[in-house]
Amino acid sequence: MTRPIQLTIHTAALKHNYQLAKLRAPQSRAFAVIKANAYGHGMQRVATALADADGFALLEIDQALALRQSGVSKPILLLEGVFSAEELKTCAAHNLMVALHHEQQLAWLESTALQRPVHAFLKLNTGMNRLGFVAERAAELAQRLSPCSNLASLGVMSHFSCADEASIGIAAQRQRFFAAVDGLNLPISLANSAAILDYPEVACDWVRPGLMLYGASPFAERSAKDLGLQAAMSLRSQIISTQVLQTGDCVGYGAQFCADRTMRIGTVACGYADGYPRHAPTGTPVWLAGRLTRLLGRVSMDMLAIDLTDFPDVAEGASVELWGRHLPIDVVAKAASTISYELMCAISSRVPVITD
Ligand SMILES: *Cc1c(COP(=O)(O)O)cnc(C)c1O
């Protein structure tokens, strides 16, 4: 018997969620965003599950090459583009699409001898202020690149800072983007998950769903279930020890939780070295035996404690869901003052993964 923690990736949920993105943007092609090891779900695994996707988007060129090596022939977009002229040659050789977000990348494109031309998206900064050229330069840059023989095609892209915050929204960025690209007649890519769900009118030529593929909600006020999404990962483990606390007895490092009555607790084989958030407080929900119980005290590196006082029949070996099908990852993320993106990405490589 190995340590009982296990991550299950739900293939059918990935497919369902991708289809939902396509339903929201029926006229658009979709880059399934699989950066950061497909948000912790496994890049190859997700690419296989979503073999019918129109394309894939990620950041890591070695991962993009691995995809090509495994036989993926769909468009693959590097969201941060290349980091050297050498990488641009690799992109040309393997038909990887690149974002162009700064002057040096344009210079490499104009001055490097490439095996064949590359497809590219010019990244425009419309207010996120992270990557991209000042949006108003779109026409000038498109003009400059039009004679470039290394370019197979050029699109324009931008990214919204507040598509998930209805109080701010996308209006200012949208207006700035469309004013800047007016008349250029180039393919457009704008929408992440939140924009696909709330502003389908900006779906345009290519959408870029990430989080929604994995079955979590980008919105604080709406659940994944309300949005029709299905959890694509379940993190499960087992109780490996039980203890009885007398009034005044405390649990774990720092003795952060102390019993005010006689209690029964269980020790679960899951800790922050597995990716469970260390800052999850007492009270964070945990799914056990068909209902919720709660985390008690500080999360350790390899273990955490849960309340079994109302579960007299639960013993060592009982299965626990930390998040997944029964307990939405968004609920755990909120309890731990973070977002589901961070929990997914933090799943540790020591956690065995199975697919269903
Ligand atoms: C990560 C990323 C996305 C996907 O965002 P989600 O909120 O996960 O849907 C889309 N576009 C770019 C440029 C990104 O970096």
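**Backbone, charged pairs and a helix contact**

Tutor: Asn 37 belongs to helix 2 (residues 35-39); helices (H or I, at least four residues) and strands (E, at least two) are DSSP runs, numbered from the N terminus. The model is predicted, and residues are numbered from 1 along each chain as its sequence is written. Local features need pLDDT of at least 70 and side-chain atom pairs count only at pLDDT 80 or more, while totals for chains, interfaces and linings use all residues, and side-chain values use heavy atoms, with hydrogens and water left out.

The phi angle of Asn 37 is near 55°, a positive value in a residue other than glycine. Its relative accessible area is 39%, so Asn 37 counts as partly exposed. In this scheme, buried means under 20% relative accessible area and exposed over 50%, with partly exposed in between (1.4 Å probe, protein chains only). Asn 129, which is not a glycine either, has a positive phi of about 55°. This residue sits in the loop between strand 6 (118-125) and strand 7 (133-134), and at 61% relative accessibility Asn 129 is exposed.

We turn next to the charged pairs. A salt bridge is a side-chain nitrogen of Lys or Arg within 4 Å of a carboxyl oxygen of Asp or Glu. By this rule the count is 14 salt bridges. One of them joins Asp 54 to Lys 22, with the closest N and O atoms 2.5 Å apart. This pair links distant parts of the chain, 32 residues apart: Asp 54 is in the loop between helix 3 (43-49) and strand 3 (55-58), and Lys 22 is in helix 1 (residues 11-24). Asp 54 is buried, at 18% relative accessible area.

In another pair, Glu 321 and Arg 236 form a salt bridge whose closest N and O atoms are 3.9 Å apart. Glu 321 lies in strand 18 (residues 319-323) and Arg 236 in strand 11, so the pair ties together parts that are 85 residues apart in sequence. Glu 321 is buried, with a relative accessible area of 2%, whereas Arg 236, at 26%, is partly exposed. Elsewhere, salt bridges with shared partners join Arg 3, Asp 274, Asp 302 and Arg 350 into one network.

Finally, consider two helices. The axes of helix 6 (residues 103-111) and helix 7 (residues 138-145) come within 12 Å and cross at roughly 20°. Axes are lines fitted to C-alpha atoms, for helices over the stretch in contact, and angles run from 0 to 180 degrees between N-to-C directions. Helix 6 is therefore roughly parallel to helix 7, since angles under 35 degrees count as roughly parallel, over 145 as roughly antiparallel, 65 to 115 as roughly perpendicular and the rest as oblique.

Glu 103 is in helix 6 and is partly exposed, at 39% relative accessible area. Not counting residues up to four places away in sequence, Glu 103 touches Phe 133 and Arg 144, where contact means heavy atoms within 4.5 Å. The C-alpha atoms of Glu 103 and Phe 133 are separated by 8.4 Å, although the two residues are 30 residues apart along the chain.
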